[in-house]
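This report describes a predicted model. It turns to one residue and its surroundings, then to a surface patch, and finally to the chain as a whole.

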Amino acid sequence: MPPERSKSTLRRAYLLALAVLVADQASKAWLIGWMESLGGYLQVTGFFNLVMVWNRGISFGLFQSGETGRYVLAGFAIVVSIGLLVWLRRGQPPLTALGIGAVLGGAIGNVLDRLGRGAVADFFDFHVFGYHWPAFNVADAAITLGVFAILLDGFRGGAQAARADQKQRERTVE
């Protein structure tokens, strides 16, 4: 990747991480107070509710942990975030870089919750036919979409590399 394109891609990834972090923290600042004033529940549609859930575990409320777990999970997320920064700085294709930016912003947002509030605040509750998807927040959505973008770009890049290898083999046979 040319240096100017690499810098531009890196800048966009950092801006996306910052945008996710700001949107996540702003939505939490607003929704925590508002949801608590409503008693922690508001039915919005037949398939979507706003709820006030404190997640002390990891993704989607798995492995709920106590006070020690709070710091262990926050520490782990910080280590992962540092790893993501290193990966991003090595120069990534644009979609992968944006995916990393989304994951990074979401991870930092949830770490701030865990350290500052003792748990991650989740609000969005989708349900259908009596099944409720675990409540989540803006950071969780960004992490999920970011991982999807990274995987998509990886599969796409792998397919492109396979086509290039096939073309090279065909040229060698001729």
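R114 belongs to helix 3, which covers residues 94-117. This arginine is buried, yet it has no salt bridge. The nearest side chain of opposite charge is that of D140, at 7.4 Å. A salt bridge would call for a distance within 4 Å. When neighbours within four places in sequence are set aside, R114 touches N55, R56, G57, R70, L73, A74, A119 and V120.

L115 is likewise found in helix 3. L115 is partly exposed, with a relative accessible area of 36%. Membership of a patch requires over 30% relative accessible area, and L115 is one of the residues in a nonpolar surface patch of about 440 Å². Helix 2, residues 67-89, gives the most to the patch, contributing four residues.

The overall architecture can now be described. The chain contains four helices and four strands, and along the sequence they follow the pattern α-β-β-α-α-β-β-α. Among contacts with a separation of 6 or more, 67% join residues 24 or more positions apart.

| Property of the chain | Value |
|---|---|
| Buried share of the 174 residues | 37% |
| Accessible surface | about 10,300 Å² |
| Share of accessible surface belonging to carbon and sulfur atoms | 68% |

How values were computed:
Residues numbered from 1 in each chain as written. Predicted model: local features only at pLDDT ≥ 70, side-chain atom pairs only at ≥ 80, totals over all residues. Heavy atoms only, no water. Helix = DSSP H or I, 4+ residues; strand = E, 2+ residues; numbered from the N terminus. Buried < 20%, exposed > 50% of the residue type's maximum accessible area, 1.4 Å probe, protein only. Lys, Arg positive; Asp, Glu negative; His and termini not counted. Contact = heavy atoms within 4.5 Å. Patch = residues over 30% accessible without salt bridge, like charges linked within 9 Å, V, L, I, M, F, W, Y side chains within 5 Å. Areas by Shrake-Rupley, 256 points an atom, 1.4 Å probe, with all protein chains shown as cover.
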